[in-house]
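Hi,

Here is the structure I promised to pass on. Have a look at it first, and then read on for what turned up when I went through it.

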Amino acid sequence: MASHEEQFKKLIAHTKEYGFIFPSSEIYDGLAAVYDYAQYGVELKRNIRDYWWKSMVQMHENIVGLDSAVFMHPTIWKASGHVDAFNDPMIDNKDSKKRYRADVLIEDQIAKWEEKIEKEVAKAAKRFGDAFDREQFVSTNPRVLEYRQKIETTSHRMNQDLTDNNFDDLKKLIEELEIVCPISGSRNWTDIRQFNLMFATKIGSVDNEASTVYLRPETAQGIFVNFLNVQKTGRMKVPFGIAQTGKAFRNEIVARQFIFRMREFEQMEMQFFVAPGEELKWFEYWKQERMKWHRSLGIPAGKYRFHDHEKLAHYANAATDIEYEFLFGFKELEGIHSRTDFDLSRHQEFSGKKIQYFDPDRNESYTPYVVETSIGLDRMCLAVLSHAFHEETLEDGSERVVMKFPPFLAPYKAAILPLVKKDGMPEKAQEILNLLRGDFMCQYEEKDTIGKRYRRQDAIGTPYCITVDTQTLEDNTVTVRERDTMQQTRMPIAELPAFIANGLKPQTV
Ligand code: ATP
């Protein structure tokens, strides 16, 4: 079995070789942490976005959509706190000249202890066999307890330092933990400094302070500043939500791990406006709802976990992350935050416009509270790609790489393949293509042997290969090969649309 790291490298290579994701500006040697979605990646991404939109907007009568501009009035980012506080603590290694996020260095150390705990557990599980009780082991084994204690004190101290902006102590922590630079191996660190993550640019032809605009670092603010517009024109009654998908930009200090952390990425966010006092109930509701959504992608429960925040942003009164077990460990995929009335109140203060809602049931006006769900579309693509990627050795000893996407997310749903390029088979296959392509993304392929064509479709994750053979010309039936089982079933052409449609329903495993 390949290590997770090797597996991750293979996945990245596969996505490039088979047209899912390319490094940006590759012929100019690339641009760090920026990627382009290629012919299959763009379909996968669109399917995930559409499914999110359908689940959030189409399936909720009290959630509507929005598409606000990337550029916004610069005061918005003052009001939101991004100009003053959207910073990451950065630290440089003097020998390698590499820059890191101080908190990420510490989190990586914590992840190493977590790995050590898992190794202890695995060893003990092997030793004790069926009689192994994980809970009992982790709550009594001295080595596990020692690692747990280290994890707890370290993360507590780091969170406190980040809250207090105490960078001297944060640096001391890095030194005490003897964290070395992965490149130079040295502990020769600079002091920690704050780094604002927003990209600034100029608007119009005048170059002065007033013409500075930012590329939005999140889509949420476009929703807040349109709250009244949407509420009034949509005649929305609290509780209601506004959903938006779109690009966001952050000048990340360390951009690595492929499309996990990019400088230009896409978010899918929903802000849910509720009456004051109701927010924690809705926070719990959205926590469960969002986890259900993830599970409906056919990814098992064990790949996800909640990580409730110990360190809350000053405006939040509850926050959790949905973490996914990527090939480099459990990491944040989605954030769910109870943001109180912070955002609307701040925009009221900075704009001087009253932002209030008259609640007919309570017969009073108030500033609604907000529960937010915020997921990175690219991270979701990475989760789906990682889960789908399989290398298999078949019974005849040959190897195949197969992307086992849930069929409804697969870039192409069906490939139509004439067994040979003659005897009227290509014409028949074209007829089938025309029958299906209005409803499903389909590919027609006639080059190479049928075996090679099956492999190619496996590698891009097409769930159904429809083969036209001699019998088709006689009785209008085709074989349908199912990607994961590789089993072939013969069926009348007329049954194909219903058969494929039936296979495209989301399924919780
Ligand atoms: P992290 O701690 O990983 O930097 P964050 O807590 O800053 O993430 P949020 O501000 O809560 O992230 O953004 C919401 C979601 O947007 C995240 O859960 C993540 O899926 C996505 N996201 C944030 N930053 C990036 C990025 N640089 N590249 C890709 N996706 C991102």
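Which element gives the most to the shell around the ligand? That would be β13, with five residues. Before you go further, bear in mind that this is a predicted model.

Let me stay with the ligand for a moment. It is surrounded by 16 residues, and the closest are E252, R261, M262, E332 and L333. Overall, the protein covers 84% of the 600 Å² of accessible area that the ligand has on its own. If you want to see which elements give two or more residues to the shell, look at β10 (264-274), β13 (329-340) and β16 (369-376).

Next, a sheet to look at. It is open, has three strands in the order β5-β4-β6, and its pairing is antiparallel. The edges are taken by β5 (99-101) and β6 (193-196); each has a single partner strand, so one side of each is left without a neighbour in the sheet. On average, neighbouring strands here are turned by 45 degrees against each other, ignoring direction.

You can follow the pairing in detail on one side. Strand β4, residues 87-92, is joined to β5 in the antiparallel sense over three bridges, and R101 in β5 is the bridge partner of M90. Lying across β4 and β5 is helix α5 (residues 102-128), which runs at about 70 degrees to β5.

The loop between β4 and β5 holds S96. Is S96 buried or exposed? Its relative accessibility is 18%, so S96 counts as buried, the cut-off being under 20%. Leaving out residues up to four places away in sequence, S96 touches C181, I183 and S184.

- N165 has a positive phi of about 50 degrees although it is not a glycine. You will find N165 in the loop between α7 (142-164) and α8 (167-176), and at 46% relative accessibility it counts as partly exposed.
- D423 is not a glycine either, and its phi is positive, near 60 degrees. The loop that carries D423 runs between β19 (414-418) and α14 (425-436). With 55% relative accessibility, D423 counts as exposed.
- The peptide bond from V238 to P239 is cis, with omega near 5 degrees. P239 belongs to the loop between α10 (227-233) and β9 (240-249).

That is what I have for now.

Cheers

Methods. Residues are numbered from 1 along each chain as its sequence is written. This is a predicted model: local features need pLDDT of at least 70, side-chain atom pairs count only at pLDDT 80 or more; totals for chains, interfaces and linings use all residues. Side-chain values use heavy atoms; hydrogens and water are left out. Two strands pair if DSSP finds at least two bridges between them. Helices (H or I, at least four residues) and strands (E, at least two) are DSSP runs, numbered from the N terminus. Axes are lines fitted to C-alpha atoms, for helices over the stretch in contact, and angles run from 0 to 180 degrees between N-to-C directions. Contact means heavy atoms within 4.5 Å. Buried means under 20% relative accessible area, exposed over 50%, partly exposed in between (1.4 Å probe, protein chains only). A residue is near a molecule or strand if one of its heavy atoms lies within 4 Å of it. Accessible areas come from the Shrake-Rupley method with a 1.4 Å probe; for residues, only the protein chains shown count as cover.
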